[in-house]
Amino acid sequence: MTIWNLGSINADMIYDVPHLPAPGETLSANRLDRFLGGKGANMSVAAARAGARVSHIGAVGPDGRWALDRLTEYGVDTRYIAGVQEPTGHAIIAVDTKGENNIILFPGSNHAISRDQLGQALSSASQGDLLVMQNETNLQVEAARMGHELGLTVCYAAAPFQADAVEAVLPYLDFLILNEIEAEQLQKTSGQSVTDLEIEHVIVTLGSKGARYYHRGAPSDFPALKVEAVDTTGAGDTFTGYVLAGMDRGMPMAQAISQANRAAALMVTRHGTADVIPDLKEVHEAQFD
């Protein structure tokens, strides 16, 4: 089958800093790297590297040809990525010595995707394909509704988190992925805990503690692997892409999550985003304590 990803595409400008800056503080960075990023691009690359067929729906500006070339190189179908006049999205990311980060995001072309473009892409989808979205593009509700009507498995990775954005797509979802803080925020604003949601699959990621999977409300825990983290950027996207690829390949969910945990653990030992996401061979061969 195919994973259709309505997803962001960014240039990630990553600054290595001694600590995350406080308000009003000026810091000298030790290093600057530019990577392909955006939660959408990260998930597309992760799913492709996990062995899935991935078609990305998105947009880049006149400065974004390099991003299309990178996605193609990593095995992602880029036919449904439009060229628009708005600048390509980008993120300014500070990463400290403990691997923690903060991010400033400029959406740019990620909010210039047209309805015609979305409709043309999903008209090529087949019943049973997966559709995934994140909160970094426009047309999320339209895509979720269209995917639901076409019989696709509709998935939403609820980041960057906005409760109203999640609530708007909830009626169409088959699969929701969010982190522990986001789950608490959703319950606070909507009054619904993850066990109350009428969604077949829900995963709450727990950082260094692993992940909790709810199948129609029944929980199962998957502990994280112990590694020395140097950069947590993109780890959640890697996890999501690998889970979706596992689903697409017909894996039992427990196996898909366990494989995704391995991929995410390997990812946090690397500096960067989409360009350093591990492939399936690396994930299988990695040794963990």
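A pocket is an open set of grid points with protein on both sides within 12 Å along at least five of seven lines, and its lining residues have an atom within 4 Å of a point. The model discussed here is predicted.

**Pockets**

By that definition, the second largest pocket is lined by Tyr-15, Val-17, Pro-21, Glu-25, Thr-26, Leu-27, Ala-29, Ile-92, Ala-94, Asn-102 and Ile-104. Strands S6 and S7 are the elements that give two or more residues to this lining. Its residues divide by class into 8 nonpolar, 2 polar and 1 charged.

The largest pocket has 50 lining residues, and those nearest its centre are Asn-179, Thr-205, Thr-232, Ala-235 and Gly-236. Elements that give two or more residues to the lining of the largest pocket are S2, H1, S6, S7 (101-106), S10 (175-179), H6 (180-190), H7 and H8 (253-267). Among these, helix H7 gives the most, with 5 residues. The lining of the largest pocket has 24 nonpolar, 16 polar and 10 charged residues.

**Cavities**

How many cavities of 30 Å³ or more does a search of the whole structure find? The search finds 2.

| Space | Volume |
|---|---|
| Largest pocket | about 1,500 Å³ |
| Second largest pocket | about 160 Å³ |
| Largest cavity | about 80 Å³ |
| Second largest cavity | about 30 Å³ |

Around the largest cavity stand Ile-14, Tyr-15, Asp-16, Arg-31, Asp-33, Val-95, Asp-231, His-271 and Gly-272. The largest share, 3 residues, comes from S2. By class, the lining of the largest cavity holds 3 nonpolar, 2 polar and 4 charged residues.

Strand S2 also takes part in two strand pairings. S2 and S3 pair in the antiparallel sense over 7 bridges, whereas S2 and strand S6 (residues 89-95) pair in the parallel sense over 7 bridges. Ile-14, one of the residues that line the largest cavity, stands opposite Asp-33 in S3 and opposite Ile-93 in S6. Asp-33 is likewise in the lining of that cavity. Tyr-15 lines the largest cavity and also the second largest pocket.

The second largest cavity is lined by Ile-3, Asn-5, Met-43, Ser-44, Ala-47, Val-54, Val-132, Gly-241 and Leu-244. At least two residues of this lining are supplied by each of S1, helix H1 (39-49) and helix H7 (235-248). H1 provides the largest share, 3 residues. The class count for the second largest cavity is 6 nonpolar, 3 polar and no charged residues, while the lining of the largest cavity includes 4 charged residues.

**Ring contacts**

There is 1 aromatic pair in the structure. Trp-4 and Tyr-80 form this pair, with 5.7 Å from centre to centre and 55° between the planes, and the arrangement is tilted. The pair links distant parts of the chain, 76 residues apart: Trp-4 is in strand S1 (residues 2-6) and Tyr-80 in strand S5 (residues 77-83). Are the two partners buried or exposed? Trp-4 counts as buried because its relative accessibility is 4%, and Tyr-80 counts as buried because its value is 13%.

Two arginines lie over ring faces. Arg-34 lies over the face of Trp-66, at 4.1 Å from the ring centre. Arg-49 lies over the face of Tyr-74, at 4.5 Å from the ring centre.

**Backbone details**

Which peptide bond is cis, with omega near -10°? The bond from Ala-159 to Pro-160 is. Pro-160 is placed in the loop between strand S9 (153-157) and helix H5 (163-169).

Leu-139 has a positive phi, near 70°, although it is a residue other than glycine. Leu-139 is in the loop between strand S8 (130-134) and helix H4 (140-149), and counts as buried because its relative accessibility is 8%.

Arg-216 is not a glycine but has a positive phi of about 50°. Its loop runs between strand S12 (211-215) and strand S13 (218-222). Arg-216 is exposed, with a relative accessible area of 59%.

Note on methods. Residues numbered from 1 in each chain as written. Predicted model: local features only at pLDDT ≥ 70, side-chain atom pairs only at ≥ 80, totals over all residues. Heavy atoms only, no water. Phe/Tyr/Trp six-rings, centres within 6.5 Å; stacked < 30°, edge-to-face > 60°. Helix = DSSP H or I, 4+ residues; strand = E, 2+ residues; numbered from the N terminus. Buried < 20%, exposed > 50% of the residue type's maximum accessible area, 1.4 Å probe, protein only. Lys NZ or Arg CZ within 6 Å of the ring centre and 35° of its normal. 1 Å grid on protein atoms, 1.4 Å probe; cavity = no way out; pocket = protein on both sides within 12 Å on 5 of 7 lines; lining within 4 Å. Points joined across faces, edges and corners; volume = space filled by probe spheres on them. Nonpolar A, V, L, I, M, F, W, Y, C, P; charged D, E, K, R; others polar. Pairing = 2+ DSSP bridges.
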